[in-house]
Amino acid sequence: MTVLEAKHISKIYSGRNYVLNDFNFKLESGRIVGLLGPNGCGKTTFLKLVSGLLTPTAGSIEVCGIPVSERTNSLVSYLPERTYFNPSMRVSELMDYFCDFYPDFDRAKAEKMLGDLQITTNRPLKALSKGQREKVQLVLVMARRARLYLLDEPIGGVDPASRDYILQTIVGNYAEDATVVITTHLIYDIEPVLDEFMFLGYGGQIIMGGNADDIRAQYGRSLDQLFREVFRCANY
């Protein structure tokens, strides 16, 4: 089943060039997809369009066949790049908040993941390290039973030792009928979990994409190596 489809999406901010330009793709269920590109190429803009936080200049986006709207909010679980929670709230209060707003939130799953990370739920967010705060936010997002998970730079702010756990958290906590979209420029770290990928360049167009295993076999190189070659040749 198609979980996410973008049709001729363009986005222009006032007085600027295209951030996304005639952007098209379709994602099926049960896939982890990397939206990969240098900083400033439109990755975050696209996730905000899918989550309904921004409106496209042209084109349309559907989640599970439904145009992006209030109706799709219950299908999408979005992890922004920056923490947006009130720093004075305790982790347990954040879980209360998610229980109130999202009927699909699995509190028991969230508590288990936080326990694995040795994060105490009775502490306020401001008492945690930056890396711990980002882990809390990821846990809350992944503890929802959504159809589409949008993860904006989920490993960008954590230490290398924590990245494996975070990636396993992502892989182990989405259903077969769901899809995960991950944006990052840390290709080497994220590559092992990707089923598919897209290289997004400045100007908002897909430069290369497809099944990760097929592309590696075709070119005889890793996605990380291809990324460096593609964007070096494009003078990024």
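User: Of the 33 residues in the largest nonpolar core, which touch the most other members?

Analyst: This is a predicted model, in which local features need pLDDT of at least 70 and side-chain atom pairs count only at pLDDT 80 or more, while totals for chains, interfaces and linings use all residues. Residues are numbered from 1 along each chain as its sequence is written, and side-chain values use heavy atoms, with hydrogens and water left out. A nonpolar core is a set of buried Ala, Val, Leu, Ile, Met, Phe, Trp, Tyr and Cys residues joined through side-chain atoms within 4.5 Å, buried meaning under 20% relative accessible area with a 1.4 Å probe and protein chains only. In the largest core, the residues that touch the most other members are Tyr149, Leu151 and Phe199.

User: Which helix gives the largest share of this core?

Analyst: Helices are DSSP runs of H or I with at least four residues, and strands are runs of E with at least two, numbered from the N terminus. The largest share amounts to five residues, and these come from helix H8 (residues 223–233).

User: Which strands stand at the edges of the open sheet?

Analyst: Six strands form this sheet in the order E6-E7-E8-E3-E9-E10, with mixed pairing, where two strands pair if DSSP finds at least two bridges between them. Two of the strands have a single partner each, so one side of each is left without a neighbour in the sheet; these are E6 (76–79) and E10 (205–211).

User: What stands opposite leucine 35?

Analyst: Strand E3 (residues 31–36) runs parallel to strand E8 (residues 179–184), and six bridges join them. Opposite leucine 35, the residue in E8 is threonine 183.

Conventions: Buried means under 20% relative accessible area, exposed over 50%, partly exposed in between (1.4 Å probe, protein chains only).
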